[in-house]
Amino acid sequence: MPITCEFEYLKPKTLPEALGLLARHGRKAAVLAGGTDLLVWMKEGLREPEAVVDVKGLKELRKLEMKGSALHVGAAVTFTQLLESKLVREKLPLLWECARTVASCGVRNRATLAGNLCSAVPSLDGGPAVLAYDAVVLVQGAKGRREVSAADWFVGPKRTALKDGELVLGVRFPLPKRRHASCYLKLGRYRGEDLAQVGLGVLALADDSYRLAFCAVGPVPARAKRIEAALKGHKVTDELLWKVQELVAQEISPITDIRSSKEYRLHMAKVMVERGLKAAAARLAGEGPALGEEIL
Amino acid sequence: MKKVPIEFKLNGVKRRFEAAPNDTLLEMLRDRLGIKSPKTGCDRGDCGTCTVLLDGRTVRACLVLAPEADGCEIETLENISKKPSPLQKEFSKRNSFQCGFCAPGVVLSATELLRKHKKPTRPEIQEAIAGNLCRCTGYSPIIEAIEAASKK
């Protein structure tokens, strides 16, 4: 399907230039990073920008590095770069496992985490990782910089806290202070490049606290706070797992769509809570499945 | 619509082109430059049949705007086939493809894999071609050929 809308292709070399273009074109501007969502939406007529601003030329956006006790992921960093980064694999294994499940190799070579967060489709694999690590989205507009916590970022399906004229510079992941281990489970119709029917990120910390975040089972990805509260201070046992599985229905609001029924999603979410918690706890104890191993 | 002057290397040859902003890399290659190995399949990034190497990485040519190719090196099956690679010989020996529509994409995905990993595991091979849909073969002869080529 050809792109029928007409637009100007602009590739700014500096951040001020990019912000100037976004300010000038406002909501008629589309920011282009990997383009793997944007081009599909332009082909379908869902986006008809008058200016496409390619931000891959901005060096500020290409950084992937430690800044103090946080890992900074620039907005132009691709999922492949995350996967090939030893830093990400060692410091933020949940982000690594999430990145691994995004689409296919050829898409991951272009698609960016920041783009994933800006597209904000309910099934986004980047969602559970940014929520579980309490990441912060770094945003700049004409009036200056601001920071938006992952919890406040997702406003609705395909809707975020980003305002017209603003640009995402990157995502900051504060490293957990305690020793931690994690697990990302993605249920698809088949292994390979499907979107999630249910996605669950689990982070287990050395003080027996846990963070769980779902995607694809609600309008926005979200932390499972009731489950986290029930788990806090406890080791993962079968009895506790049965108890928290009862809470899953209160945490998510799955719908029936082309990929799955809501009943199947709810059932599998419970299964995934059990397996995810067990795997993350085992990894924390230095056992359990290797990173990236299929758990479902 | 204002055309964008771009320069890139296509299969080892420097090219200049005036790209329409709303042309995809796939349309530029197939319709303007006569490079026909990348195919138009789903045209939305799912099937992998439009795969080309952009600066050594497989990309969906249907999801890249032509102007984005400025300053890049593009490699397609045409270049790799000038002298069939050991990988292609394994595909041929096993008759790994039937209709052949997915073949250019699969060859490029497997080429990227073998350039990065000399000895990939079977799950790594499966992951590398997971984004290249083949409706004929059930993938087994494709995976076996990649495995065989990696042992050479």
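**Sheet, domains and chain contact in the predicted model**

The model is predicted.

Strands β11 and β12 of chain A belong to an open sheet of four strands. The order is β11-β12-β13-β14 (chain A), and the pairing is antiparallel. The edges are formed by β11 (180-187) and β14 (222-223) of chain A. Each has a single partner strand, so one side of each is left without a neighbour in the sheet. At the β14 end, β13 (residues 210-215) of chain A pairs with β14(A) over two bridges, in the antiparallel sense. Within chain A, A:Ala213 stands opposite A:Arg223, a residue of β14(A). Strands of a sheet pair through backbone hydrogen bonds, in either a parallel or an antiparallel manner.

Chain A is divided into three domains: domain 1 (8-54), domain 2 (59-174) and domain 3 (180-284). The centres of domain 1 of chain A and domain 2 of chain A, taken over C-alpha atoms, are separated by 18 Å. Their contact takes 13 residues from domain 1 of chain A and 17 residues from domain 2 of chain A. On the domain 1 side, helix α1 (residues 15-25) of chain A gives the largest share, five residues. By class, this side of domain 1 of chain A has seven nonpolar, four polar and two charged residues.

Helix α12 (residues 262-284) of chain A contains A:Lys270. A:Lys270 has 19 other C-beta atoms within 10 Å. Burial requires 20 or more, and exposure 12 or fewer. A:Lys270 is therefore partly exposed. Leaving aside neighbours within four places in sequence, A:Lys270 is in contact with A:Gln245 and A:Val248. A:Arg189 is 81 residues from A:Lys270 in sequence. In space, A:Lys270 and A:Arg189 are 17 Å apart, C-alpha to C-alpha.

Chain A also touches chain B. The contact involves 24 residues of chain A and 26 residues of chain B. On the side of chain A that touches chain B, the elements giving two or more residues are β1 (8-10), α2 (38-43), β3 (51-54) and α6 (105-108) of chain A. By class, this side of chain A has twelve nonpolar, six polar and six charged residues.

Terms used: Residues numbered from 1 in each chain as written. Chains lettered and ligands numbered in written order. Predicted model: local features only at pLDDT ≥ 70, side-chain atom pairs only at ≥ 80, totals over all residues. Pairing = 2+ DSSP bridges. Contact = placed C-beta atoms within 7 Å. Nonpolar A, V, L, I, M, F, W, Y, C, P; charged D, E, K, R; others polar. Domains from an automatic or database assignment.
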